[in-house]
Amino acid sequence: MSVPVVAALAACGSSGPSSSTASGTAGAAGGGASYWYLTGQPGEGIRKGAVDRFNAANPSSQIAQTAFQNDAYKTKIKTALGAGQAPTIIWGWGGGGLKSWVDASQVEDLTSWFGENADVKSKLFPSSFGAATVGGKIYAMPVETVQPIVLYYNKSVFEKVGVQPPTSWDDIMALVPKFNAAGIAPFSLGGQSRWTNMMWLEFLFDRIGGPEVFQAAFEGKKDAWSNPDAITALTKVQDLVKADGFIKGFSSITADSNADQALLYTGKAAMMLHGSWTYGSMKSDGGDFVKGGHLGWMNFPPVAGGKGDPSNTVGNPGQYLSISAKATDAEKEVAKKFFKTGVLDDTEVKAWIDSGSIPIVNGSDSKIAGSADAEFLKFIYGVASGAKTFAQSWDQALQPAAAETLLDNISKLFQLSITPEQFATNLNAVTNS
Amino acid sequence: MTIASVGTVKPASSGTATNIHGRSLGWLAVPALVFFIAFGVIPLIGVLLLSFTTWDGIGQVIPSGLTSWKATLSNPGLPHAMWVTFQVAVLSWLFQTPMSILLGVFLAGAQKYRAFLAVLYFIPLLLSSAAIAITFKALLDPNFGLGTGLGLPFLSQDWLGEPTLALGVVVFVVSWQYIPFHSLIYQGAVRQIPTSMYEAAQIDGAGRIRQFFSITLPQLKNTIITSSTLMVVGSLTFFDLIYVLTAGGPGDATRVLALDMYKTGFQANLMGQASAIGVILVLVGLGLALLFRRLGGGDKTSSQLEGA
């Protein structure tokens, strides 16, 4: 909160190289850039590997790297940008967060660079560029993997209870009492993290009203959240809460600790709606669960009478690297060289596939065949490439202030402390333009 | 933090302290004053100025008059956060004060086993708030926590997912952390009570309970005020523990003012409004601190040890 200190730091940032870490790193002769990204395996190791290979291949242009835990990073990067202390290469989620950086002129416009380096652009999934584009210009390089949200289920539990995986929303509602009677929670949910609850709304909005419903809210159309389809979706999710569809105590479970995944692989819960990235952690933490073939998966089932295409999905169309506008020209050059030669090289592509993810590189499906997770990877590739609409996660798409209100109201909706109509009113107030 | 500093600086800067040669010792306050101004007053002025601007924490700071204040004061989240803060302050005071006094009186005895117990009671104070919060969170997990571990179903409540329970848990954990500190204050205070008073009471035939209520408690009056000030004003700034334990949830059931300020500033990127909440926090804290000084009577330095 201390303003003078921030101002002082900002002054340092504009007068000298913004990256103090790079100059302090041994071997950073010539131009040195800095790069901040997220911790958490397997991604952290893969990110580090790419930088280490780049540094080894380019003795004259080094990248100093620092890794942060997910939620801490979100705050840290914001503060650093405000203080002019951002790293040269900024890891991000694209969408509304990226737009707030662009509005503050903190990140480089990469449109012309992509024009000069058409091969870099054509290498990547076209769908991944949507969240990197603000006002028709590209401000970030899409990297890493495509991460749709998947409905996972525990096959052993389904066998034990003697039921079949759901093929519609009505199936889901019919399964709930059966699992509860067997003493198993129908759905695992890390509700304290809030965005976990949001994934349910994202799918219900889409399946019931199609992607247009949220799109209207995103564009700031008046009373977009009061759309009858939106109210139906909000009501349906509360029906599921009231029917004890989610595990007892879901409001106090966090996704950061992976406790929600543990509930699924220990058989305390039968199903879980979660990002495709959880496959890798369930594989490493769940013992025999994934390797023994006990994990099942599917795209979110349709809702009877709904307008949304059942092939639609939501999630992260990619991750994003931006270049700080405050970096020196030498630092920017190193960053661009890294984007061109270091990011998503063959070794990195293979590493992502081995970890159970689909990198956003065209033709990566041809490399799936030999993988131990070929079945899951084929499914993800199919969902990602076959989706009529691949919507970005709401909290990433919206501007930070609106996203915070959204998450807040979602957690109240799941607490049943507000009605769908109140939810709509509260959200209309922040997204109406 | 700022409020605590006010308390420490005020007596020194009032400049009445003189040494035996009559020279003023006011200059001794200079180091404290420098730190207080650098880390207390200047940021405070900065926050006050920021509250009249619109700033997303990244881009330009745009002066916008009363816009941020209007948005903050018309937000229904503010009275709710104040109410939660009030509840936490009052409930944790009600829970901590009797416990601390009893423990303090108990630990004031000279017996060896009491000294040993004092060491054990002191441990929570040595742990960081984040560590305490993570530990309690794991213990209270409804599916993998203490209830499941010990096979005691009544411990498997939805401790942090039920609004009323979550508030109770926050008060309990906060108290668990700070009772050792306040016990220590009371222990010291009880040891200062002259034994002659108890001896006289014994001759008059007063029992232990009568002695506690007629001698110990009245003699602790100033200590109670000091400890209560620290508790209540301190409870305004509870952040780390609640942030890790419940993140203000479920919904906004445990969203205290400090947490509201953080979320507004650093998650919703509304630094102007967050600064306005910060200013409100400071004002409430100052008001409470003054109130407690009043409660202590006019002359705080007067001794309670008459007749000793």
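Domain bounds, as used here, come from an automatic or database domain assignment. On that basis chain A is divided into domain 1, covering 3-144 + 318-367, and domain 2, covering 148-315 + 393-431. The model is predicted. For the complex, the predictor gives an ipTM of 0.73 and a pTM of 0.79.

**The two domains of chain A**

The C-alpha centres of domain 1 of chain A and domain 2 of chain A are 31 Å apart. Their contact involves 13 residues from domain 1 of chain A and twelve residues from domain 2 of chain A. On the side of domain 1 of chain A that touches domain 2 of chain A, the elements giving two or more residues are α4 (70-82) and α5 (95-103) of chain A. The largest share of that side, five residues, belongs to α5(A). By class, this side of domain 1 of chain A holds two nonpolar, nine polar and two charged residues.

**Chain B as a whole**

Chain B contains 14 helices and two strands. It has 308 residues, of which 32% count as buried. Among the contacts in chain B with a separation of 6 or more, 66% are between residues 24 or more positions apart.

Confidence in chain B has a mean pLDDT of 83, and 89% of its residues reach 70 or more. Residues 1-15 of chain B have a pLDDT below 50; this stretch has 24 contacts in the model beyond near neighbours in sequence.

**Where chain B meets chain A**

In the model, 31 residues of chain B are in contact with 32 residues of chain A. Three helices of chain B, α2 (30-50), α13 (257-267) and α14 (271-295), each supply at least two residues of the side that touches chain A. α2(B) gives the largest share of this side, six residues. The residues on the side of chain B that touches chain A comprise 15 nonpolar, eleven polar and five charged.

**Annotated spans in chain B**

An unreviewed UniProt entry lists residues 25-50, 83-108, 115-139, 159-179, 230-250 and 270-292 of chain B under "transmembrane region". Two of these spans are described in the table below.

| Span in chain B | Helix | Strand | Distance between end C-alpha atoms |
|---|---|---|---|
| Residues 83-108 | 96% helix | 0% strand | 37 Å |
| Residues 159-179 | 81% helix | 0% strand | 21 Å |

Ala201(B) is placed in helix α9 (residues 195-203) of chain B. Why does Ala201(B) count as partly exposed? The reason is that Ala201(B) has 16 C-beta neighbours inside 10 Å, whereas a residue is buried if 20 or more lie within that distance and exposed if 12 or fewer do.

Leaving aside residues up to four places away in sequence, Ala201(B) touches Ala206(B), Gln211(B) and Ile215(B). The C-alpha atoms of Ala201(B) and Gln211(B) are separated by 7.0 Å, and these two residues are ten residues apart along the chain.

Terms used. Residues are numbered from 1 along each chain as its sequence is written. Chains are lettered from A and ligands numbered from 1 in the order in which they are written. This is a predicted model: local features need pLDDT of at least 70, side-chain atom pairs count only at pLDDT 80 or more; totals for chains, interfaces and linings use all residues. Helices (H or I, at least four residues) and strands (E, at least two) are DSSP runs, numbered from the N terminus. Two residues are in contact if their C-beta atoms, placed from the backbone, lie within 7 Å. Ala, Val, Leu, Ile, Met, Phe, Trp, Tyr, Cys and Pro count as nonpolar, Asp, Glu, Lys and Arg as charged, and the others, Gly among them, as polar. UniProt positions are given in the numbering used here, feature names are shortened, and annotations may be inferred rather than shown by experiment. pLDDT is the predictor's confidence in each residue, from 0 to 100.
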